[in-house]
Amino acid sequence: MSAQQASAGGTVAGTSAAETSTAASEFAIETRGMTRAFGGINAVENLDLAIPKGTIYGFLGPNGCGKSTSIRMLTGLLSPTSGDIRVLGETLPGAEEKLRRRIGYMTQKFSLYDNLSVRENLEFVAQIYGLNRRQTKARLAELLSLYDLAGREKQMAGSMSGGQKQRLALAAATLHHPELLFLDEPTSAVDPENRREFWERLFDLCAQGTTILVSTHYMDEAERCHGLAILERGIKRADGSPQQLMAAMGARVIEVSGEDLRKLKQSLISDANVLSAAQIGSRLRVLVQSSIADPLAWLSPRVAGRALTEVRPSLEDVFVTCTGGRAQLAPPNGSQATIVETQDAR
Amino acid sequence: MLGRIWAVVVKELRQLSRDRMTFGMIVMIPLVQLMLFGYAINTDARHLPAGLVNLSDSAYSRALVKAVEATQVVDFKNRYLSVNEAEAAITRGEVKAVLYLGADLDERLVRHPAFAGQTYFAEPVGQWLVDGSDTVVASTIRSLRQMPLDEIAGRAVKSNPPSFEVVQYFNPEQRSVVNIVPGLLGVILTMTMVMFTSAAIVREREQGNMEFLITTPVRPLELMLGKITPYVLVGFVQLAIILSAGHLLFAVPIRGGLDSIALAAMLFICASLTLGLVISTIAKTQLQSMQMTVFILLPSILLSGFMFPYEAMPVAAQWIAEALPATHFMRMSRAIVLRDAEVSDLQFDALWMIGFTCLGLLVASLRFSKRLD
């Protein structure tokens, strides 16, 4: 069976499920209350997701926050302890095998064979997906030039750099033109230059209609996503586009510049209205609760005459405000973004 | 389906051809083992180091010692002045046995029927003190118990007509290597087949390849068949090495047809490979799979009839042996290689191995889930 036939068959199967046709046309991934426990501890807790087709959606969070576990449940590698999952209109668990040809998965760790060459690795994947010789040849030529691997066909995968390995892995994961692509921390072993290039390729794929779910712990990567979920200890703390999240953030950002910032930081952080204070070069970035109406006036007596400026919030500020147990409820401003309450508030 | 199995086979062969260590092992394991077992294992003990306590020192006693040495069973390495000294030497492991000849040797000799030729009131002429912990050594020395004494008495050795005549089929010279080489086929194939397959799948899991593979359309059975097929080839290479080296170096006769040997080997290779697959679905790391392989390998060497006759084992051990594919193959390979039997003569063993393979494949594919939990 050829890849084209396979994907055509998959589409037919997806739309023939009549009652799901509306949902299937709008969202690539929908979950309600997705939970996974390991030995009594919830690695992922009550995760609700609605990821529209054709977008790049990010999972942002520290290590161990449940990013990989969520991706494994969505790819059918793990079954959820409870909750409903629909991926490309199919219900999981149950439709894993049907989905195999429609999804691509790039694992966190390089999962191709170190002692096979670039070409041999890709040929293997092509054969697994049932491409014939002619299709394989054409697709390989396409992928090798697209991912800048031409001229390296004979190189062993194990001897390549982090960036090259990552491009090879992406080539392998997208070889069968998946409708939905999962990337688990794809750029953790890659330098910034290669990371930029990599994201260009992701936007190319997205423009061709692929839905992409990417997990990361880099702010700059998260900022590139269309939509974003901030995860902490298995719980979704925030969900929305980066702009919405920044707008809905329950804090304002003031930068203090001057001398002896370390000591100042210690005194400011002890105040409950200060969510965080982080030094950036010769400035101290202070997040003040939005319940304070005029943060500049509130802060000036506390900084001993140092200069103050209010600046635009960054995604990192959003991340800081909604993780670490100091999460705040977003002010009702009509935006779609939601920032979930802290555990204490629940 | 065939395309995906073939993809895995090609991938596996390519990886195997780059893994020089494994490639070397495939050839070296059978060769080295064959040399070791072929030259080293010998159940007829000769030239055991022995000691002598000779309190008589008569002409007869010297003649008797010469006659004992002439049997080549023992070499007298040391002389001791007393029994106590000799016993200490056995404890130290210096000698395996000591011949004690008392001061009254001559008197005992003349009264002994084997010496005097007629029956008097008789006692043994001397005594052997043996390190009996090694049963092979002990039984070898025991064979000296009825040693004829005619030569010492200066008579021609008179031979009693035997009660039975024994005709030794298939191995008239009684060389142990003839029995060992076909048995070694079973041991080496067990070792490499079980070890390679169990490690092969566990390695994919350990190195993270599995997480990618299980999100592709490849099915568990396809993956397993693809992974073991190259090792069938490896098994036949080893079979060829052992049989041809055994034939050329140790003149082991190959009486059965090569087709029968190949068929029996095929059945055994399949059974061993599925055993390896089952292990691979249980083991989490390559080290664990290695330990489980050894767990299978040891009884395959000791209980399969390779070292000790199956018939001599207690019934419980025979039941365990019966469960091991190596036991059945040991029977088949010896029957075919040495006795020119046909596979049709060995239906029970053949059917058993087919059943084992089917059951193993079933268990392995049921246990191998395309999930991580």
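B:D340 counts as partly exposed, because it has 15 C-beta neighbours inside 10 Å. The model is predicted, so read every value here as a property of a prediction.

B:D340 sits in the loop between α14 (325-339) and α15 (347-367) of chain B. Its phi is positive, about 55 degrees, although B:D340 is not a glycine. Most residues other than glycine have a negative phi.

Chain A has its own case. A:D260 is not a glycine, yet its phi is positive, at about 55 degrees. A:D260 lies in the loop between β11 (251-257) and α11 (261-269) of chain A. Is A:D260 buried or exposed? A:D260 counts as exposed, because it has 9 C-beta neighbours inside 10 Å.

Another backbone feature of chain A involves a proline. The peptide bond from A:L92 to A:P93 is cis, with omega near -10 degrees. Most peptide bonds are trans. A:P93 is placed in the loop between β5 and α4 (96-99) of chain A.

## The antiparallel sheet of chain A

Four strands of chain A build an open sheet in the order β2-β1-β4-β5, and the pairing is antiparallel. Which strands stand at the edges? They are β2 (41-52) and β5 (90-92) of chain A, each of which pairs on one side only. On average, neighbouring strands of this sheet are turned by 20 degrees against each other, direction ignored.

Now look at the strand pairs. β1(A) and β2(A) pair in the antiparallel sense over eight bridges. Within this pair, A:I29 stands opposite A:I51 in β2(A). The two strands β1(A) and β2(A) form a hairpin with two residues between them. In its turn, A:G39 has a positive phi of about 55 degrees.

Strand β1 (residues 27-38) of chain A also pairs with strand β4 (residues 82-87) of chain A. Here the sense is antiparallel, over five bridges. A:T35 faces A:S82 in β4(A), and A:R32 stands opposite A:D84 in β4(A). In a regular strand the side chains alternate between the two faces of the sheet.

## Helix α7 of chain A

Helix α7 (residues 162-174) of chain A has 13 residues. From its first C-alpha to its last, helix α7(A) reaches 18 Å, close to the 18 Å expected at 1.5 Å a residue.

Where do the buried residues of α7(A) pack? They pack against β6 (103-106), α5, α6 (133-146), β7 (180-184) and α8 (192-207) of chain A. The buried residues include A:L168, A:L170 and A:T174. A:Q166 and A:R167 are also among them. An α-helix has 3.6 residues a turn, so residues three or four places apart point the same way.

## The mixed sheet of chain B

Chain B also has an open sheet of four strands, in the order β2-β1-β3-β4, and its pairing is mixed. At the edges stand β2 (74-79) and β4 (127-130) of chain B. Each has a single partner strand, so one side of each is left without a neighbour in the sheet. Neighbouring strands of this sheet are turned by 30 degrees against each other on average, direction ignored.

Strand β1 (residues 48-54) of chain B and strand β3 (residues 97-101) of chain B run parallel, joined by five bridges. The bridge partner of B:V53 in β3(B) is B:Y100.

Helix α3 (residues 59-70) of chain B lies across β1, β2 and β3 of chain B, at about 135 degrees to β2(B). Helix α7 (residues 135-142) of chain B packs on the sheet and touches β1, β3 and β4 of chain B. The direction of helix α7(B) makes about 175 degrees with that of β4(B).

## A buried lysine in chain B

B:K227 lies in helix α10 (residues 220-250) of chain B. Why does B:K227 count as buried? Because 23 other C-beta atoms lie within 10 Å.

B:K227 touches B:V8, B:E12, B:T197, B:A200 and B:I201, not counting residues up to four places away in sequence. B:K227 and B:V9 are 218 residues apart along the chain, but their C-alpha atoms are separated by 6.1 Å.

## Where the chains meet

The contact takes 20 residues from chain A and 19 residues from chain B. On the side of chain A that touches chain B, helix α5 (residues 118-128) of chain A gives the largest share, four residues. The residues of this side divide into eight nonpolar, seven polar and five charged.

Note on methods. Residues numbered from 1 in each chain as written. Chains lettered and ligands numbered in written order. Predicted model: local features only at pLDDT ≥ 70, side-chain atom pairs only at ≥ 80, totals over all residues. Pairing = 2+ DSSP bridges. Axes fitted to C-alpha atoms, helices over the stretch in contact; angles between N-to-C directions. Contact = placed C-beta atoms within 7 Å. Nonpolar A, V, L, I, M, F, W, Y, C, P; charged D, E, K, R; others polar. Buried ≥ 20, exposed ≤ 12 C-beta atoms within 10 Å, placed from the backbone. Expected span 1.5 Å × (residues − 1).
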